[in-house]
Amino acid sequence: MSGSRQLADWTAGAEAIVYQSCAACGAGQYFRRSFCAACGAPDPVEKRASGQGTVYATSLVCRAATPETRAHIPYNIVLVDTPEGFRMMAHGDSDLSIGDEVTVHFVPFAGRLVPYFARTK
Amino acid sequence: MSFITGVGLTAYGRHEGSSSLDLMSKAAELAIADAGLKRSEIDGILCGYSTVAPHIMLATVFAEHFGIRPSYAHAVQVGGATGLAMTMLAHHLVEAGVVRHVLVVGGENRLTGQSRDASILALAQVGHPDYEVPLGPTIPAYYGLVASRYMHEYGVTQEDLAEFAVLMRKHALTHPGAQFHDPITVADVMASKPVALPLKLLDCCPVSDGGAAFVISREPTGETGVRVRGCAQAHTHQHVTAAPALSELGAEIAIARAKQAAGVAISDVRYAAVYDSFTITLAMLLEDLGLARRGEAASRVRSGYFGRDGEMPLNTHGGLLSYGHCGVGGAMAHLVETHLQMTGRAGNRQVRDASIALLHGDGGVLSSHVSMFLERTR
């Protein structure tokens, strides 16, 4: 994967969610690239997300394929829509429902740090 | 014009000691014999991939192994849509006059050639390497996410999804080559082990060994012609995180383009062969394709609409869910069964009328779609 990385995020072990915003067309994107996938303009600006969101979908994983992930089952994989306009995959409380307002924190999982969403209090 | 002139299919399940090339060869031999051709008449080869034995040039590896020196050959990789994508390409190659007889082949010892964990792990890699895979998702989890949303938007229940598993098993009971031959009920599906909720074990297709092949030719070689009437693709995303809204998924785009290419309406279709990696896949695709209204596919299963004697017989061999899933060959079995139905050779599974068939394949997480209409010409 290419792209200049100014802000560290959870994929690099930091407690943060980072997205990119295109100065030319205004589109946002979650998967880091060196260009805007909507218009092709170079160097989208990296921004730190608020960590808020709304649950779009959930799936409770009960069968994992590696010893490292198996130690965590069951774990809830969620898709969360953020107010910044992008969708992301993360972990979440097992009782989350679609439409729940959620806030992120970060937890260890299979040797990594991953985003974990709980209902916003 | 192009015609599917021969089909070959092994039993799916365990083929202890068979390699991917063995299974591809067995299916290829059956398809070429079915077309009434000699190996030397095959001048094009398209093949899929094997997760057990990955190779950068599988088509030429296979051609050498099988004993063919084609004038056109390469592999194609579109996940579960590979079989129909290869058929579409073969159709265009034949129409363009590049080759006369294309062998399309897929086969893999996915069940006995590696552990189930290895299969699950290999397939999970269709996820994004940085933003998805570190979270420990599996293919059932990607589809579990889609299922949760679809159920939420259209009021579909887990019991509704279970109906598709029961139907595919019922169909598999009548095919000696199917992996599963024990009848199941909705209660059995509901009580099966949770895999990635809302999907349970019996909502998921199995891992299988097997092989499938077809020959696509410029002219029919037998008495009954099965013609590729028209086909189309759509590719909207790779990763589920980047998928469009449910109402904008690729199946609807592909079927609209295929209907236009073929000049066929859904009301003309008499037999359906639809990708069914999970019960949710089948439910969604049937509704995306227009074979049922939103949220109503399950009630059509209950009323017998998709049964052998129903108005729209569907996957009469048992589908991926119960005939089995050996990778690329998995959904190719749908086309083999369609061909048998269209040529009146489906034995105790034979439907009344399979004069026009609709086939649909899906690769990734509803990422890549191929829709195709086949027509019996005489």
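I call a residue buried if 20 or more other C-beta atoms lie within 10 Å of its own, exposed if 12 or fewer, and partly exposed in between, with C-beta atoms placed from the backbone.

**Ground rules.** I'm working on a predicted model, where local features need pLDDT of at least 70, side-chain atom pairs count only at pLDDT 80 or more, and totals for chains, interfaces and linings use all residues. Residues are numbered from 1 along each chain as its sequence is written, while chains are lettered from A and ligands numbered from 1 in the order in which they are written.

Asn315(B) is buried, as 28 other C-beta atoms lie within 10 Å. I found Asn315(B) in the loop between α10 (297-302) and α11 (319-322) of chain B; helices (H or I, at least four residues) and strands (E, at least two) are DSSP runs, numbered from the N terminus. Next came Ala110(A), another non-glycine with positive phi, near 50 degrees. Ala110(A) sits in the loop between β7 (101-109) and β8 (112-119) of chain A. I get 17 other C-beta atoms within 10 Å for Ala110(A), so this one is partly exposed. Why flag these at all? Because most residues other than glycine have a negative phi, and most peptide bonds are trans.

**Cis peptides.** I noted a cis bond between Ile73(A) and Pro74(A), with omega about -5 degrees. Pro74(A) is in the loop between α1 (67-70) and β5 (75-81) of chain A. In chain B, Leu197(B) and Pro198(B) are joined by a cis peptide bond with omega about 15 degrees. Pro198(B) falls in the loop between β5 (194-197) and β6 (199-200) of chain B.

**Chain A against chain B.** I looked up the contacts (C-beta atoms, placed from the backbone, within 7 Å): 30 residues of chain A touch 24 residues of chain B. Which strand of chain A gives the most to that side? It's β4(A), with 6 residues. By class, the chain A side has 20 nonpolar, 7 polar and 3 charged residues. Here Ala, Val, Leu, Ile, Met, Phe, Trp, Tyr, Cys and Pro count as nonpolar, Asp, Glu, Lys and Arg as charged, and the others, Gly among them, as polar. I also see β4(A) pairing with β5(B), antiparallel over 2 bridges; pairing takes at least two DSSP bridges between two strands. Leu60(A) has Leu197(B) as its bridge partner, and Leu197(B) is also in the cis bond to Pro198(B).

Conventions: Two residues are in contact if their C-beta atoms, placed from the backbone, lie within 7 Å.
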